[in-house]
Amino acid sequence: MSTSSTEPLLEARDLVAGYLPGVNILNGCNLVVHPGELVGIIGPNGAGKSTLLKALFGLVHVRSGSVVLQGEDITNERADTLVRRGVGFVPQNNNVFPSLTVKENLEMGCFLKPSLFESRFEYVSELFPRLRERAGQRAGALSGGERQMVAMGRALMLEPSVLLLDEPSAGLSPSLQDEVFLQCKRINATGVAILMVEQNARRCLQVVHRAYVLDQGRNAYTGSGRELLRDPVVIELYLGTLAKATGG
Ligand code: ADP
Ligand code: MG
C-alpha cells in the first residue's frame, strides 16, 4: 500500500501505562496511524483498549514509551493541547453535555476557535443532517444514535487530522450500528484519519483499512481488516467468542 511510505500521523511506541501505582495496564503497545487511514482496535473486554486511547490522548499517565504526532513527541500532553494540534477524542461514555442543546454541544467543540463555528457546523451537518434538524433540542433528549452523532460532531469541530473513537457503536441497535460504521467511513473519506476501538469486531474489520488486536495490554496481531477476518487464530481467539458475546 502506498501509505506505508508516508510519515505516520500518530504513533504509539512501547507504551506502558496504568492507573494504580505498580500496576501496568498497557505493557508495551505499538501502533501506527497513517494520514487518512481508518484503523481499528479490537480485543477482549479488559484488554486495555480504552486505556490505550486515553493514554494517546493524555488522559492516562504514560509511564514509559512515547506518543508521537507527525514526528513530534506528545507523550502526556494535556488534552486541550492535543485538540489544538488536531487530535479529536470521543470517549465511550458521557460524551455529550445532556442539558445543552445540540448546537451548544457543537459550540463547546469549537470553544478554542469560535470563529470556525459556522463553517464547521456546515461540514458536520453535511455528515449528520439530523444534527441540523435537532440543533435546538437538548442532547439528553436524543436517541442513542443521535447522541453518538453529537459526540462525533463535537470532536470534528476543530478540524482534527485524526479522530479517536471509543466503541462508537456500543449500545445501539444493529441498524444504527451499521449507520455508525458508514458514518465513520464517510468521515474518513473527507480525509480524517480514524482510530476506532470496537467490541463489534467483525463489522469493525469489514470497514477498516488495518486493525490491531489488543490482548492483555499488548498488541497481539495486526494486519488489514481482510487478513484478520480470515486469520484462523484471530477467528478462534477473538472473533468466535466476541461474535457470540455481541450477537454479531
Ligand atoms: P477495554 O477497553 O479493553 O475493555 P480498559 O482499558 O477499560 O479495557 O481496562 C483495562 C483494565 O484497566 C481493566 O482491568 C480495568 O479494570 C482497568 N481500569 C480501567 N479503568 C480504570 C481506572 N479508572 N482505575 C483503575 N483501573 C482501571
Ligand atoms: Mg473499553
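**Notebook: loop, sheet, cores, ligand**

I looked up Asn93 to begin with, and it counts as exposed because its relative accessibility is 53% (exposed means over 50% relative accessible area, buried under 20%, partly exposed in between, with a 1.4 Å probe and protein chains only). Asn93 lies in the loop between S6 and helix H3 (102-109), where helices (H or I, at least four residues) and strands (E, at least two) are DSSP runs numbered from the N terminus.

I note that this is a predicted model, in which local features need pLDDT of at least 70 and side-chain atom pairs count only at pLDDT 80 or more, while totals for chains, interfaces and linings use all residues. Residues are numbered from 1 along each chain as its sequence is written, chains are lettered from A and ligands numbered from 1 in the order in which they are written, and side-chain values use heavy atoms, with hydrogens and water left out.

**Sheet**

I traced six strands forming an open sheet of mixed pairing, in the order S6-S7-S8-S3-S9-S10 (two strands pair if DSSP finds at least two bridges between them). At its edges I found strand S6 (87-90) and strand S10 (218-224), each of which pairs on one side only. Strand S3 (residues 38-42) and strand S8 (residues 193-197) run parallel and are joined over four bridges, and within S8 I identified Leu195 as the bridge partner of Val39.

**Cores**

I then turned to the largest nonpolar core, which has 47 residues, and found that Phe128, Leu156, Ile187 and Met196 touch the most other members (such a core is a set of buried Ala, Val, Leu, Ile, Met, Phe, Trp, Tyr and Cys residues joined through side-chain atoms within 4.5 Å). Helix H6 (residues 144-156) supplies the largest share of this core, six residues. A second, separate core has 31 residues, including Leu10, Ile41, Phe89 and Leu164.

I listed the contacts of Met196 (heavy atoms within 4.5 Å), leaving out residues up to four places away in sequence, and among them are Val39, Ile41, Phe181 and Val208.

**Ligand 1**

Which residues are around ligand 1? I found Tyr19, Ile25, Pro44, Asn45, Gly46, Ala47, Gly48, Lys49, Ser50 and Thr51, each with a heavy atom within 4 Å of it. For polar contacts (pairs of N or O atoms within 3.5 Å), I noted an oxygen atom of ligand 1 at 3.0 Å from a polar backbone atom of Gly48, and an oxygen atom of ligand 1 at 2.5 Å from an N or O atom in the side chain of Thr51.

Terms used:
A polar contact is a pair of N or O atoms within 3.5 Å; within protein, one must be able to donate a hydrogen and the other to accept it, and residues adjacent in sequence count only if both atoms are side-chain atoms.
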